Amino acid sequence: MAKLNQKTIDDVALTLPEDLREHFQWLWGYMTQICGGSRTRLAARLAHVGHSYDQSSIFKFFTGQLINPKTGQLGAKQAQNWAEAIQALRDAEKGPLDGRGIPPVETEVVRLICDAISAIARPERVCRWLIISGDTGRQKSYGIGWYRAENNHSNTIMFEAPEKPSPNYLAAEMSSACCGLSTKAYYERIANIRANLNSTKILIIDNAQRLYNPNSGDRQDCFSLLQKLQDEIGFAVVLVFVRNVWSDGSRTVKVDFVEEMLHGKARGFFSQFIGRIGGAENVLYLPDETSDADLISFARAVGMAEAAAKICLPLLRWLDRSTGNIRVLLQTLQTAADVARLEKRVEVRASDLCNVVTMDKLDSKERDRLCAIIDRIRNQEAA
């Protein structure tokens, strides 16, 4: 019986109609990454979007057993049905990008991240490593999630770094992300990774600062494992760092991790990684604040007219600078939209946003400043 792994998928894809191949690869990646490798869960998600396929049919599809042995091809009707089912699932998959209630907004940061990843995605590119650094709440996870949803799930493999800087834990996370399998034995995890990665893949590791061991100097086992596998297989690597924070489990230290790589105790070790991205000047530093254009786009996404959003810009900027950054902004916008919906209004007013801003934790000086901003917005809205 054929074994389900990336090599099998690549072989079967070549036997399918050309316009189905990318869909086929995407579905495999979706099952391994989103469904944890479970055909049962994939069948349930397909049924949810109106297409019923049981586990057996899914297995036969992935292993090429649905191909007619006489013609060597998948039947035209079968191919069309699978294409429609996968497209329905892909359309539904954009739901997780809606910010749990806020429609997707292709921000300037999203475009920065997507362009940078696309640049290293080409297998012939010399430098296939990318480092992204940004403060918490600055759209890092949002941007890489957008890229994965817009691109092939099978080609784009994304996961969170393990909590501890252990190569064994890293191998477990990589194996699970690549193929939905995480065995107990380290060598089996590595074998799974080798069987499911190739030079067309993009490996995105979020919160990559967790891979750093501050106590081991120039011996950084997690990064060494990544380097070894990348040298051997040739896939692209995207390391996403939270700027200013790393934790060794017992304490949290504020530091720019890229600066730590360049000038810290392990700089000798990390110099090779700086070279692999094409030099320190190629680190993608995300902006510290959301642009005015993006603030207005988020407000419009919840139902605010552009004119009202522009009136609210000082308040949107205040929220974006709050502790929690853009998460506070989006939560407040969503609350304002909820208020409008309760009143059966489609359009969100500037006053709706003003009414839901919380001031409980502000000192008197900050409260006075915020009240002044809100008063100006209400006066402009009333004019």
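Helix axes here are lines fitted to C-alpha atoms over the stretch in contact, and angles run from 0 to 180 degrees between N-to-C directions. Helices (H or I, at least four residues) and strands (E, at least two) are DSSP runs, numbered from the N terminus. This is a predicted model, in which local features need pLDDT of at least 70 and side-chain atom pairs count only at pLDDT 80 or more, while totals for chains, interfaces and linings use all residues. Residues are numbered from 1 along each chain as its sequence is written, and side-chain values use heavy atoms, with hydrogens and water left out.

The axes of α6 (residues 108–121) and α7 (residues 140–150) come within 9 Å and cross at roughly 55 degrees. That angle makes α6 oblique to α7; angles under 35 degrees count as roughly parallel, over 145 as roughly antiparallel, 65 to 115 as roughly perpendicular and the rest as oblique. Contact means heavy atoms within 4.5 Å. On the α6 side, Val110, Ile113, Cys114, Ile117, Ser118 and Ala121 meet Lys140, Tyr142, Gly143, Ile144, Trp146 and Tyr147 of α7.

Leu316, Leu319 and Asp320 of α15 meet Ile326, Val328, Leu329, Thr332 and Leu333 of α16.

Next comes the sheet. Five strands form an open sheet in the order β2-β3-β4-β1-β7, with parallel pairing; two strands pair if DSSP finds at least two bridges between them. The edges are β2 (156–160) and β7 (284–285), each with a single partner strand, so one side of each has no neighbour in the sheet. Strands β1 (residues 129–134) and β4 (residues 236–242) run parallel and are joined by six bridges. Within that pair, glycine 134 stands opposite valine 242 in β4. Helix α8 (residues 167–179) packs on the sheet, touching β2 and β3 (202–206), and its direction makes about 140 degrees with that of β2.

Confidence is given by pLDDT, the predictor's score for each residue from 0 to 100. The protein chain averages a pLDDT of 87, and 92% of the residues score at least 70. Confidence is highest in β3, at a mean of 95, and lowest in strand β5 (residues 246–247), at 52. Over residues 96–100 the pLDDT is below 50, and this stretch has 10 contacts in the model beyond near neighbours in sequence. Where pLDDT is low, the predicted coordinates should not be read in detail.
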